[in-house]
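I opened a new page for this protein chain.

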Amino acid sequence: MDSAHRMVFTSTYSTRIKIIFMKRYFIFLMMLCLGTALLAQPKFKAIVLTERGGHHETFVVAGLDWLSKYAKQENFEYIVLNKPDTITKEFLKDYKLFIQLNFPPYMWSDESKAAFEDYIDNGKGAWIGFHHASLLGEFDGYQIWPWFSNFLGGIRFKNYVAARADGEVYIEKKNHPVFAGLPSHFNLPGEEWYTFDKDPRDNVEVLATVDENSYKPQTDIKMGDHPVIWCNPKKKARNIYFLFGHHGGLFDVKEFRQLLTNTMKWAVKKDKK
């Protein structure tokens, strides 16, 4: 091959290499842009329904602070509602998770009740409820919400440990995902343990109980068998209720933080179990 032909060959080869490189670089940029766009999109959206002020304010403040950090870490969005007036079927369709952060099962309009019932009964999202969500009965001029009572096991609020007490929580369903990495039992300090007119166990799946003999200080306000974490498997929506949640100090308990992290991940998983 003479020098002229070598120059043409070298130039052509170099041009082809440049074209191939540019194509690959363009594909890389497109994939990078697509990946960045996907990362920018939230994984899901959640509703946090909570009441402000009163006895549970410290739990709400600590809970919202924890959620703010966790949402950034896990890339999801949430809105905070202080009353359920805006809850309709149309409103709920954009939200994969409903967190009832110490809001009671009363003060709901008929429309918001119907929308929430549809959300849970037809599995349109997941639900995590805390403490005040089981304040079932006639309060503040509102009648009991029969559907919600049945949802939580057919119970009605009866009494509570007003003086508050430390209590040892014992896990029954150790293989449940919400208990991953947790010991078989752990202590929660200064909680306001609720009691009910009957044990919900026959109507729900109990995941954990509190040992009433572990209360410090001791109290006569007891149930015997005392579930404190449970699910209702009869509902299409993934759901879980935590009886505790009276004060912000719970977020200082590493087991509680782990439990909450596990629960958030479990609630939004696509599989049923």
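**Entry 1: ground rules.** I start with pairing: two strands pair if DSSP finds at least two bridges between them. Helices (H or I, at least four residues) and strands (E, at least two) are DSSP runs, numbered from the N terminus. The model is predicted, so I note its limits: local features need pLDDT of at least 70, side-chain atom pairs count only at pLDDT 80 or more, and totals for chains, interfaces and linings use all residues. Residues are numbered from 1 along each chain as its sequence is written, and side-chain values use heavy atoms, with hydrogens and water left out.

**Entry 2: strand 1 and its partners.** I looked up strand 1 (residues 45-50). I noted one more pair: Ile-47 has Ile-79 of strand 2 as its bridge partner.

**Entry 3: the whole chain.** I stepped back for the totals. The chain has 6 helices and 11 strands. Of its 273 residues, 48% are buried. Its accessible surface is about 14,400 Å², and 56% of that belongs to carbon and sulfur atoms. These areas come from the Shrake-Rupley method with a 1.4 Å probe; for residues, only the protein chains shown count as cover. Next I checked contacts, meaning heavy atoms within 4.5 Å. Among contacts between residues at least 6 apart in sequence, 74% join residues at least 24 apart.

**Entry 4: helix 6.** This helix covers residues 254-267, which is 14 residues. From first C-alpha to last it reaches 20 Å, close to the 20 Å expected at 1.5 Å a residue. The expected span is 1.5 Å times one less than the number of residues. How many of its residues are buried? I found 10 of the 14, so helix 6 is largely enclosed by the rest of the structure. Among them are Phe-256, Leu-259, Leu-260, Met-264 and Trp-266. The buried residues of helix 6 pack against several elements, including helix 2, strand 3, strand 10 and strand 11.

**Entry 5: loop residues.** Which residues does Asn-232 contact? Leaving aside neighbours within four places in sequence, they are Asn-150, Phe-151, Asn-203, Val-204 and Asn-239. Asn-232 sits in the loop between strand 10 (227-231) and strand 11 (239-242). It is buried, at 4% relative accessible area. I then looked for polar contacts. Such a contact is a pair of N or O atoms within 3.5 Å; within protein, one must be able to donate a hydrogen and the other to accept it, and residues adjacent in sequence count only if both atoms are side-chain atoms. The Asn-232 side chain reaches the backbone nitrogen of Lys-234 at 3.0 Å.

Thr-88 lies in the loop between strand 2 and helix 3 (89-92). Thr-88 counts as buried, at 18% relative accessibility. A polar atom of its side chain is 3.0 Å from the backbone nitrogen of Phe-91. Thr-88 also touches Glu-111 and Ala-115, not counting residues up to four places away in sequence.

Entry 6: Asn-102 is not a glycine, yet its phi is positive, about 70°. Met-107 is not a glycine either, and its phi is about 75°. Asn-102 is in the loop between strand 3 and helix 4 (110-121), and Met-107 is in the loop between strand 3 and helix 4. Are they buried or exposed? Asn-102 is buried at 0% relative accessibility, whereas Met-107 is partly exposed at 31%. Last, I noted a cis peptide bond between Lys-216 and Pro-217, with omega about 0°. Pro-217 is in the loop between strand 9 (205-216) and strand 10.

Technical notes
Buried means under 20% relative accessible area, exposed over 50%, partly exposed in between (1.4 Å probe, protein chains only).
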